[in-house]
Amino acid sequence: MTPALEPLRRIAAYAVARDDEGRVLLVRASSRSGTPGVWSLPGGAVDHGEDPNHTVVRETAAETGLSVAVSGLHDVLADMRSMPHRGVTIHTDRLIYAVSVRGGNLVDRVGRPTDLARWHTLEEAEKLKLRPFTAAALGLSRNAGDLRPEEAPVFPSFYAYEGPDGLHRAQRFAAYAIATDPYENLLLTRISEGYPGAGCWHLPGGGTDYGEQPGTALIRELVEETGQEGRLVELLGVASHRDAASLGPEGYPIDWHGVRAFYRVVVDAPTEVVIHDVGGSTCEARWMPLKEVAELAGEQLTEVTADALRAAKLI
């Protein structure tokens with residue numbers, strides 16, 4: 001049994017780097033960490049307001065001594081990890097990026113949470129103790145499981161805390177859908193008055209629950225928000241936006257940082273759109289012909305919607 005621990009959430013970004021021989025770059029957890037001797041991809045927590053693309057470059061340089069450039073998004077994963085030595089259980093949304101090495105030299109770090117950085121073949125990595133998310137990202141066996149709670153702890157869907165400047169801060173991970181039907185229509189929602197982006201067209205989706213995978217969360221949100229049943233086709237990308245003084249139904253300014261994964265979703269049997277959360281952040285939802293979507297003005301779309309539609313080459 002895992003003891004009751006304080007639940008926390010964070011967003012983190014990691015690098016999949018390969019050298020000319022096809023070896024992958026891994027870092028080893030030191031005795032200062034909760035999993036000494038276990039290897040993982042280089043990376044770490046996304047700071048408030050930081051673009052995850054910058055996080056993975058910064059963290060990889062700090063942990064390995066190498067400068068990298070992001071070449072693409074590899075995967076998005078989530079997991080829970082109990083850390084009794086710190087008194088916490090952490091849900092981490094992990095953005096896994098493919099990167100190329102621009103230069104630098106591998107360094108060893110004495111007295112830091114990771115102490116070694118080394119290149120390994122996949123055959124060598126298979127024999128190492130790997131963090132489960134690292135094994136999953138590399139398609140290897142999970143031979144060093146994290147300590148997990150038996151059930152996901154209760155954690156609010158919206159959580160704001162006071163920042164160093166006295167302003168409340170909120171960092172949230174969410175998943176959204178580019179959802180199409182067989183008739184060249186796109187599913188869009190409109191944001192209610194009193195919420196940031198009021199009146200703009202938005203993608204269906206929303207924040208993931210504690211302990212929930214983003215793809216699973218998105219399919220759930222699609223049903224709850226619009227009554228449509230869809231299937232995931234592909235991960236299209238991740239958008240990061242910060243509003244330093246967002247105003248919403250809370251009634252006070254919040255320094256808001258949203259990190260959103262967006263996926264292509266197909267609804268094979270579309271039905272009449274039904275908004276189940278009446279009085280919430282969505283006031284309208286409908287299937288819109290793709291031609292009409294392409295004609296929408298930029299100010300009629302939320303930032304994440306515009307980013308996702310560009311990634312899907314729909315605008």
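Gly 258 is found in strand E14, residues 254–266, where strands (E, at least two residues) and helices (H or I, at least four) are DSSP runs numbered from the N terminus. With a relative accessible area of 1%, Gly 258 is buried; buried means under 20% relative accessible area, exposed over 50%, and partly exposed in between, with a 1.4 Å probe and protein chains only. The C-alpha atoms of Gly 258 and Gly 211 are 18 Å apart, and 47 residues separate the two along the chain.

The model is predicted: local features need pLDDT of at least 70, side-chain atom pairs count only at pLDDT 80 or more, and totals for chains, interfaces and linings use all residues. Residues are numbered from 1 along each chain as its sequence is written, and side-chain values use heavy atoms, with hydrogens and water left out.

**Confidence and annotation**

The mean pLDDT of the chain is 93, and 98% of its residues reach 70 or more; pLDDT is the predictor's confidence in each residue, from 0 to 100.

An unreviewed UniProt entry carries the annotation "domain: Nudix hydrolase" for residues 7–143 and 170–310. UniProt positions are given in the numbering used here, feature names are shortened, and annotations may be inferred rather than shown by experiment. Residues 7–143 are 18% helix and 47% strand, with end C-alpha atoms 25 Å apart. Residues 170–310 are 18% helix and 43% strand, and there the end C-alpha atoms lie 26 Å apart.

Helix H1 has 13 residues, 52–64, and reaches 18 Å from its first C-alpha to its last, close to the expected 18 Å. The expected span of a helix is 1.5 Å times one less than its number of residues. The buried residues of H1 are Pro 52, Thr 55, Val 56, Glu 59, Thr 60, Glu 63 and Thr 64. Seen down the axis of H1, these buried residues fall within an arc of 120°, so they line one face of the helix; the arc is that of the directions from the helix axis to the C-beta atoms. An α-helix has 3.6 residues a turn, so residues three or four places apart point the same way.

At the start of H1, a side-chain oxygen of Asp 51 comes to within 2.8 Å of the backbone nitrogen of Asn 53. After H1 comes Gly 65, with a positive phi near 85°. Ala 62 is found in H1 and is partly exposed, with a relative accessible area of 41%. The C-alpha atoms of Ala 62 and Arg 109 are separated by 9.3 Å, although the two residues are 47 residues apart along the chain.

Helix H4 (residues 214–226) also has 13 residues and reaches 18 Å between its first and last C-alpha atoms, close to the 18 Å expected. Pro 214, Gly 215, Ala 217, Leu 218, Glu 221, Leu 222, Glu 225 and Thr 226 are buried in H4. Their directions fall within an arc of 150° seen down the axis of H4, so they line one face of the helix. Gly 227 follows H4, and its phi is positive, near 80°.

**Selected side chains and loops**

Asp 93 lies in strand E6, residues 88–104. Its relative accessibility of 1% counts as buried. A polar contact of 2.8 Å joins the side chains of Asp 93 and Arg 9. A polar contact is a pair of N or O atoms within 3.5 Å; within protein, one must be able to donate a hydrogen and the other to accept it, and residues adjacent in sequence count only if both atoms are side-chain atoms.

Glu 184 has a positive phi near 60° and is a residue other than glycine. Glu 184 sits in the loop between strand E9 (168–180) and strand E10 (185–191). Lys 313, found in the segment after H6, is not a glycine either, yet has a positive phi of about 60°.

| Residue | Relative accessibility | Class |
|---|---|---|
| Glu 184 | 59% | exposed |
| Lys 313 | 72% | exposed |

**Cysteines**

The structure holds 0 disulfides, a disulfide being a pair of cysteine sulfur atoms within 2.5 Å. For Cys 200, the nearest cysteine sulfur is that of Cys 283, 11 Å away. Cys 200 is buried at 15% relative accessible area, whereas Cys 283 is partly exposed at 45%.
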